[in-house]
Amino acid sequence: MADHQASNTRESTSTQVLAAALSNQQIDPGQVLTPTQLLAAVLVLLVVSVPAFIAGAATTTSPGWVPAMFAVAAVLDVPLALLFVYRLLTKHRQQITSDAVYERAVLRVPHASRDLDESLTHAGIDTEGLVSGTATVDQQVRTALEQMEAVMSILRDRAAEGAVPPDVELNLARALMAERRWAEAAEHFDRYVTQVEVDWEVHFVRGVAHGNTRGGPSSDLSAWRAYNEAIALLPDETEPNVSARLFAYRGAMAKRLGRYDQAESDLQLARRHATANYEITDIAYNLAAVYALAGRRDEALAELRTLRDLGHIDLVRGHLDDYFSTLRQDPEFRRITGI
């Protein structure tokens with residue numbers, strides 16, 4: 001009888017300890033309104049509940065399974081609470097770290113993007129201008145771009161790139177490309193094409209951005225892939241000179257990558273479509289470079305004569321130390337180029 005009374009006393013004591021510990025924290029569920037408050041409540045509950053469970057396991061004797069349950073609860077309480085905290089800090093990180101500046105930035109994103117889009121339209125910046133490098137920005141575009149970048153800076157500081165809609169990435173890419181900031185433009189184009197299905201024109205402009213970055217094999221390969229996507233999506237009714245330019249640009253990237261057979265194939269295919277002076281000139285120049293790099297002297301000189309007759313032999317002068325280094329001392333090369 002005495003043992004039974006002592007057991008009841010210990011059970012009552014452990015129950016009171018647990019109840020008192022939880023009630024003393026005065027956690028009102030109705031006041032937990034944000035993830036941050038929820039995180040604090042979980043940590044408080046963890047600090048309180050584990051000692052309470054341990055006390056319960058130490059003082060309770062019957063029924064026989066109760067001490068074991070208290071012990072299991074004490075052991076599982078910590079990993080479960082940590083798992084919950086991890087969930088808050090990953091999936092709900094933006095809500096936990098949100099602040100007035102971040103919230104204003106998120107609200108500002110669509111407005112800033114719309115302003116940038118309107119300024120680009122007003123400046124007449126289109127695909128042709130971006131591809132040919134003739135697009136120019138005015139003060140309105142620069143102001144809109146600065147505002148958009150300021151908003152993006154806030155989002156990047158808070159690791160909230162996922163909050164940027166695809167149209168924002170596209171507008172930023174177009175504006176940065178018009179500013180000749182090729183690498184940054186290419187980065188935003190790449191983000192854009194991973195979020196939405198795009199047409200051949202976007203891949204075309206993206207290829208030009210990567211190609212003009214001139215970051216070595218990596219950017220050249222990215223440009224080659226972008227041109228490849230553009231060619232794959234090219235409509236049948238595309239104007240021939242546009243097709244010629246795409247194949248010529250892909251051939252130019254193959255040339256940079258040392259794939260001379262692929263480059264020649266693309267450039268000869270481009271020549272079959274080309275009728276405009278720009279395309280004809282670009283193809284002759286790149287074929288001359290491919291043949292020179294491949295050690296095909298006579299074919300390189302023939303293309304250089306074509307380039308000279310077109311009035312653009314000056315294009316060669318900037319590449320005497322790379323594409324045309326093997327011909328630099330050749331008398332016929334020097335006669336054709338006027339060096």
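Helix α10 (residues 200–213) packs against helix α12 (residues 240–256) at an angle of about 35°, with the two axes 11 Å apart. The model is predicted, so to speak of local features takes pLDDT of at least 70 and side-chain atom pairs count only at pLDDT 80 or more, while totals for chains, interfaces and linings use all residues. Residues are numbered from 1 along each chain as its sequence is written, and side-chain values use heavy atoms, with hydrogens and water left out.

**Overall make-up**

- The protein has 16 helices and zero strands; helices (H or I, at least four residues) and strands (E, at least two) are DSSP runs, numbered from the N terminus.
- Of the 339 residues in the protein, 40% are buried. Here buried means under 20% relative accessible area, exposed means over 50%, and partly exposed is in between (1.4 Å probe, protein chains only).
- Take the contacts with a separation of 6 or more: residues 24 or more positions apart account for 60% of them. A contact means heavy atoms within 4.5 Å.

**α10 against α12**

- For the packing angles, axes are lines fitted to C-alpha atoms, for helices over the stretch in contact, and angles run from 0 to 180 degrees between N-to-C directions.
- The crossing of α10 and α12 is left-handed, which is the label when the near helix is turned anticlockwise from the far one by less than a right angle (right-handed if clockwise).
- On the α10 side you'll find Trp200, Phe204, Val208 and Gly211, and they meet Val242, Arg245, Leu246, Tyr249, Met253 and Arg256 of α12.
- Sorted by class, this contact of α10 with α12 has seven nonpolar, one polar and two charged residues. The classes go like this: Ala, Val, Leu, Ile, Met, Phe, Trp, Tyr, Cys and Pro count as nonpolar, Asp, Glu, Lys and Arg as charged, and the others, Gly among them, as polar.

**α12 against α14**

- α12 also packs with helix α14 (residues 277–293), at an angle of about 20° and with the axes 10 Å apart.
- That angle makes α12 roughly parallel to α14; the cut-offs are under 35 degrees for roughly parallel, over 145 for roughly antiparallel, 65 to 115 for roughly perpendicular, and oblique for the rest.
- The crossing of α12 and α14 is left-handed.
- α12 brings Asn241, Ala244, Arg245, Ala248, Tyr249, Ala252 and Lys255 to the contact, and α14 brings Tyr278, Glu279, Asp282, Ile283, Tyr285, Asn286, Ala289, Val290 and Leu293.
- By class, the contact of α12 with α14 has ten nonpolar, two polar and four charged residues.

**Salt bridges**

- Side chains of opposite charge can pair when their charged atoms come close.
- The structure holds 21 salt bridges, each being a side-chain nitrogen of Lys or Arg within 4 Å of a carboxyl oxygen of Asp or Glu.
- Glu128, Arg245 and Glu279 are joined in a network of salt bridges. Arg245 also turns up in the contact of α10 with α12, and both Arg245 and Glu279 are in the contact of α12 with α14.
- Glu179 pairs with Arg142 (3.9 Å, N to O). Glu179 is partly exposed at 27% relative accessible area, and Arg142 is partly exposed at 34%.
- Asp115 and Arg108 meet in a salt bridge through their side chains (3.4 Å, N to O). Asp115 is partly exposed at 30% relative accessibility, and Arg108 is partly exposed at 31%.
- Asp309 and Arg308 form a salt bridge too (3.6 Å, N to O). Asp309 is exposed, with a relative accessible area of 61%, whereas Arg308 is partly exposed at 32%.

**Backbone spots to look at**

- Most residues other than glycine have a negative phi.
- Arg180 isn't a glycine, yet it has a positive phi of about 65°. Arg180 sits in the loop between α8 and α9 and is partly exposed, at 36% relative accessible area.
- Arg214, also not a glycine, has a positive phi of about 50°. Arg214 is in the loop between α10 and α11 (217–232) and counts as exposed at 54% relative accessibility.
- Ser265 is in helix α13 (residues 260–273) and is partly exposed at 47% relative accessibility. The C-alpha atoms of Ser265 and Gly251 are 7.6 Å apart, with the two residues 14 apart along the chain.
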